Amino acid sequence: QGYEGLVEGGDNIKQANWLSVSNIIQLGGTVIGSARCKAFTTRAGRLRAARNLVEHGITNLCVIGGDGSLTGADIFRSEWSGLLDELVRDGQITEEVAQQNCRLNIVGLVGSIDNDFCGTDMTIGTDSALHRIMEVIDAITTTAQSHQRTFVLEVMGRHCGYLALVSGLASGADWLFIPESPPEDGWEDLMCERLGE
């Protein structure tokens, strides 16, 4: 469950084996679980997470996520030695255990359907999101044609219009709104004229 699993520990931290990953390739990446974690935004929460990792002998993390997850990983990495010192001071771990776990290695993978991370061709999740959008568009297009109606489709993307732009191009949309290019004054009349054609 992401950082929530690190903070809570217990059964949330377990070794993956062949059976753990069998028959999940067709599922979305969130099959491993995901959760926003308020506790991890606090030092006390990160201290608990550090304790749980040390308890399991884990010093390598692969963090898949967006801005919040990767920012959290960077903070966790920068605090790691201080967190271990605090655990030693509080008697939760020994100095020897702290030395064995003195380095935390983190690999960050951008998991964001928005495709809004500089330096990547396509972030994890974008392709499957586009695939789902196109499935929905294909399904409603015949209904729109049958009823001679205009359909409005809103897609996700927060502050990034990549999904809207690409799905609009792929589906031949007549009108498109994206945050990077806000509509100019009078857009309503232009849109009505376009749709009237």
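1. N23 lies in the loop between helix 2 (18-21) and helix 3. Helices are DSSP runs of H or I with at least four residues, strands are runs of E with at least two, and both are numbered from the N terminus. The phi angle of N23 is near 65 degrees, a positive value in a residue other than glycine. With a relative accessibility of 64%, N23 counts as exposed. Here, buried means under 20% relative accessible area, exposed means over 50%, and partly exposed is in between, with a 1.4 Å probe and protein chains only.

2. A remark on the model follows. This is a predicted model, in which local features need pLDDT of at least 70 and side-chain atom pairs count only at pLDDT 80 or more, while totals for chains, interfaces and linings use all residues. Residues are numbered from 1 along each chain as its sequence is written, and side-chain values use heavy atoms, with hydrogens and water left out.

3. Q148 also deserves attention. Although Q148 is not a glycine, its phi is positive, at about 50 degrees. Q148 is placed in the loop between helix 6 and helix 7. Its relative accessibility is 73%, and Q148 therefore counts as exposed.

4. The next point concerns the nonpolar cores. A nonpolar core is a set of buried Ala, Val, Leu, Ile, Met, Phe, Trp, Tyr and Cys residues joined through side-chain atoms within 4.5 Å. In soluble globular proteins, nonpolar side chains tend to be buried together. The largest nonpolar core of this model has 21 residues, and those with the most contacts inside it are Y3, F40, L53, L61, F76, W80 and L84. Two or more residues of this core are given by each of helix 1 (3-8), helix 3 (43-55), strand 1 (60-65) and helix 4 (67-89). Helix 4 supplies the largest share of this core, six residues. A second, separate core has six residues, including A129, L130, I133 and M134.

5. Which residues does L53 touch, not counting residues up to four places away in sequence? L53 touches L6, I58, L61, F76, W80 and L104. Contact means heavy atoms within 4.5 Å.

6. Helix 3 and helix 4 form a packed pair. Two packed helices are described by the angle between their axes and the distance between the axes. Axes are lines fitted to C-alpha atoms, for helices over the stretch in contact, and angles run from 0 to 180 degrees between N-to-C directions. Helix 3 and helix 4 pack at an angle of about 75 degrees, and their axes are 9 Å apart. These two helices are therefore roughly perpendicular to each other. Angles under 35 degrees count as roughly parallel, over 145 as roughly antiparallel, 65 to 115 as roughly perpendicular and the rest as oblique. Helix 3 contributes R43, R46, L47, A49, A50, R51, L53 and V54 to the contact, and helix 4 contributes I75, F76, E79, W80, G82, L83, L84, E86 and L87. By class, this contact of helix 3 with helix 4 has eleven nonpolar, one polar and five charged residues. Ala, Val, Leu, Ile, Met, Phe, Trp, Tyr, Cys and Pro count as nonpolar, Asp, Glu, Lys and Arg as charged, and the others, Gly among them, as polar.

7. Apart from neighbours within four places in sequence, R46 is in contact with A39, F40, T41, I75, F76, E79 and L83. The C-alpha atoms of R46 and W80 are separated by 9.0 Å, and these residues are 34 residues apart along the chain.

8. Helix 6 (residues 126-147) and helix 7 (residues 162-171) form another pair, with axes that come within 10 Å and cross at roughly 45 degrees. Helix 6 and helix 7 are therefore oblique to each other. The contact involves T126, A129, L130, I133, M134 and I137 of helix 6, together with Y162, L163, V166, S167, A170 and S171 of helix 7. By class, the contact of helix 6 with helix 7 has nine nonpolar, three polar and no charged residues.

9. S167 belongs to helix 7. With 5% relative accessibility, S167 counts as buried. Leaving aside neighbours within four places in sequence, S167 is in contact with L130, I133, M134, I137 and V155.
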